[in-house]
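Q: I would like to go through this model with you. Could we begin with the strand contacts and then move on to other topics?

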Amino acid sequence: MSDDVFIIGLAQHKFGRFPEKDSLDMASEIAMAALADAGMTMADIDVMGCGSLLEAGSGQRILHQIGATGIPVYNVTNACATGANAVRVAYMEIKAGISQVGLAVGFEKMGKSGLLGLAAKVAGADKKVWAPAGRTGSVMPTEGVLGSGMMPAVFAEIAMEYANNNDGVGFEQFAKVAEKSHAHSVLNPYSQYRKAFSLEEVMNAEVIAWPNTLPMCGPTGDGAAAVVIVSGEKLKTLPDDVRKRAVKISASVMTSDPWTAGGQAGPDVNTCTRMAADKAYEMAGVDPQDLDLVELHDCFATAELVHYDNLRLCEPGMAGKFIDERGPWRDGKIPVNVSGGLVSKGHPLGCTGVANLVEVGMHLRGEAGDRQIPDAKVGLTHVIGLGSTCAIHILEKVS
Amino acid sequence: MADYEKLRPEITPLHEPFWDSVKRHQVELQRCDSCGAFRFIPTELCRCGSAASTWTPIAGTGEVYTYTVVHRAPTPAYQAEAPYVIAHVTVDEGPRMISVVVGCDPTDVHIGMPVTLVYEDVAPDLTLYKFTPAG
């Protein structure tokens, strides 16, 4: 097995809605930006991982635009964990000693797709009649019966469960998470929205699925992100200015949801996150309290609060206290989603898992501009794909 | 009833006995012939590994494990009923089932609330199961 793996190039497109831009052009632009950042071209790349949920199978089409060299291309989809999986296939080839240099690209063009889950399936069809498809189509998306296909409802149920089982967690705590993330987004030029909301505004906004109000729900949008990763052996051969900016991938972990009582009729995002977190901390030799920043999967503000506990950022059961004490704010104990998070920065599905590595990487390099977390040395990224999948990466500053 | 405009389950062979039992207004779940555990949603194997199971009637009582109140619904037909409650219910036999809670104000629903199964014939060929406050 090969030694450590390092990120040497990274780039992200601003998230948002860009109807005038072609998705492959966006992805190609960002892939080339990451290559340029690494001082490389496609001629240096041994393997590509490409993640897009709605345009699966696009890796080769990107290479036809930026350099088709005959390398293996892994097109991956894994719900909202798609991007992280694109990174991980390239990482695994390097770890296995098959490749020395990998490119991972994640992109998505969603536009304004409405409520994710059912709405995406209804789009373009007669909105009154929905034709379910596939074997699992019969169980999950029958609204109300056998669960909700609507994501705000799914993550609301997860929130109500946590609030019931733990003290000091209620609507206000979930709303405070959104208040925090929107405040963070103001500093991030890559964020889809950059508007601060007061706690009252979050709490008084339209309820989508209780306790998720509109500003507690991630928007749909377009985005692209890319990283170039290399083996430690390869890194030694690269110029000083590349090595200086390298970021170590100290852990790359993926889990799926094991059997749990609650995970049969509805999704269980807690158990797979806890399993992945424990494994990642062990692999990296990092304690949660060592983390300088975390980009976690807050598709809804309710999800973020639950993951404070799942990722061991707070004492068990104390996620409410953690947000009450401003623990995840930029100047708090462990800054969480300083990018603005999915609720504000946006969530172009296949892009998200690459973009959060780019975000943490920029902080570890000291290149995050106005939103820089001072002296950041260790960061964690987390994504969840329903079904369920969890992918966690721990990144560390090298020099 | 002919104008049922909401979502329909796609009924696969594995799920067919379940939906048939709903149509008879007597829900049956798979019960493992080997370890005796009930399970839902329908699966080929019990978690004990046994493939042998018998569709067995359940009492139809349970309690709310978690829930949400949907205010913005995915299609116009559902929006007409909003706000409505979707709950995960732990039935007395063990498994968790999910459906809407009807017959009470959404604000009355709470975790731990006892509920019972009710049936609604929504179309000539489709019956749905729902929950309502017990007693």
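Q: Which residue of β4(B) does A:Trp210 stand opposite?
A: A:Trp210 stands opposite B:Val69 in β4(B). The model is a predicted one, in which local features need pLDDT of at least 70, side-chain atom pairs count only at pLDDT 80 or more, and totals for chains, interfaces and linings use all residues. Residues are numbered from 1 along each chain as its sequence is written, chains are lettered from A and ligands numbered from 1 in the order in which they are written, and side-chain values use heavy atoms, with hydrogens and water left out.

Q: How many bridges join β5(A) to that strand of chain B?
A: There are 2 bridges between β5(A) and strand β4 (residues 61-70) of chain B, and the two strands run antiparallel. Strands here are DSSP runs (E, at least two residues), helices are runs of H or I with at least four residues, and both are numbered from the N terminus. Two strands pair if DSSP finds at least two bridges between them.

Q: And within chain A, what does β5 pair with?
A: Strand β5 (residues 207-210) of chain A pairs with strand β6 (residues 212-213) of chain A in the antiparallel sense, over 2 bridges. A:Val207 has A:Thr213 as its bridge partner in β6(A). The two strands form a hairpin with 1 residue between them.

Q: What sits in the loop between β5 and β6 of chain A?
A: A:Pro211 is found there. The peptide bond from A:Trp210 to A:Pro211 is cis, with omega near 5°.

Q: Where else is there a cis peptide bond?
A: A cis bond also joins A:Gly387 and A:Ser388, with omega about 5°. A:Ser388 is placed in the loop between β10 and β11 of chain A.

Q: Changing topic: what is the strand order in the open sheet of 9 strands?
A: In chain A the order is β3-β2-β4-β7-β1-β8-β11-β10-β9, with mixed pairing. β3 (73-76) and β9 (293-295) of chain A stand at the edges with a single partner strand each, so one side of each is left without a neighbour in the sheet. The twist averages 25° from one strand to the next; axes are lines fitted to C-alpha atoms, for helices over the stretch in contact, and angles run from 0 to 180 degrees between N-to-C directions.

Q: Which helix packs on the sheet?
A: Helix α10 (residues 270-284) of chain A does, touching β8 (247-256), β10 (378-385) and β11 (389-397) of chain A. Contact means heavy atoms within 4.5 Å. The direction of α10 makes about 150° with that of β8(A).

Q: How many bridges join β4 and β7 of chain A?
A: Strand β4 (residues 101-109) and strand β7 (residues 222-231) of chain A run antiparallel and are joined by 9 bridges. A:Leu103, for example, has A:Val228 as its bridge partner in β7(A).

Q: With which residue does A:Lys109 form a salt bridge?
A: A:Lys109 forms one with A:Asp222, their closest N and O atoms being 3.3 Å apart. The pair links distant parts of the chain, with A:Lys109 in strand β4 and A:Asp222 in strand β7 of chain A, 113 residues apart. A salt bridge is a side-chain nitrogen of Lys or Arg within 4 Å of a carboxyl oxygen of Asp or Glu. The whole structure has 21 salt bridges over all chains.

Q: On to chain B: what are its domains?
A: Chain B is divided into domain 1 (13-58) and domain 2 (59-135), with bounds from an automatic or database domain assignment. Their centres, taken over C-alpha atoms, are separated by 21 Å. The contact takes 13 residues from domain 1 of chain B and 15 residues from domain 2 of chain B.

Q: How much area do they bury between them?
A: About 1,200 Å² is buried between the two domains of chain B, 71% of it on carbon and sulfur atoms. Buried area is the accessible area (1.4 Å probe) that two parts lose on being put together, summed over both. B:His25, B:Phe40 and B:Ile58 supply 45% of the area that domain 1 of chain B buries against domain 2 of chain B, more than any other three residues.
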